Amino acid sequence: MIIIVGLTMAVLASRSRTGFVVNNSHVASQEFNRNAQEGRAQAALGRDGAPPCNRKW
């Protein structure tokens with residue numbers, strides 16, 4: 001019984017997600033670093049990313 005459960009779990013695991021979140025982790029890390037740098041630049045200008053509360057459309 002234990003062997004059957006183990007084999008079933010192995011088959012299900014092999015058919016599930018591969019664990020890849022991004023196709024190219026190097027490119028994803030570069031994009032993350034660019035976004036972080038832009039966020040730091042905006043924070044240095046006193047911007048926090050929140051929209052103004054009294055904006056009238």
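I began with helix H2, residues 25-44: its 20 residues reach 28 Å from first C-alpha to last, close to the 28 Å expected at 1.5 Å a residue. I took helices as DSSP runs of H or I with at least four residues, and strands as E runs of at least two, numbered from the N terminus. The expected span is 1.5 Å times one less than the number of residues.

The model is predicted; local features need pLDDT of at least 70 and side-chain atom pairs 80 or more, while totals for chains, interfaces and linings use all residues. Residues are numbered from 1 along each chain as its sequence is written, and side-chain values use heavy atoms, without hydrogens and water.

I then looked at the ends of H2. Asn24 caps the N-terminal end, with a side-chain oxygen 3.1 Å from the backbone nitrogen of His26. Gly46 follows H2 and has a positive phi, near 90°.

I checked H1 next. The end C-alpha atoms of H1 are 20 Å apart, in agreement with the 20 Å its 14 residues should span at 1.5 Å a residue.

Met1 lies in the segment before helix H1 (2-15). I found Met1 exposed, at a relative accessible area of 76%.

Terms used
Polar contact = N/O pair within 3.5 Å; in protein donor to acceptor, adjacent residues only side chain to side chain. Buried < 20%, exposed > 50% of the residue type's maximum accessible area, 1.4 Å probe, protein only.
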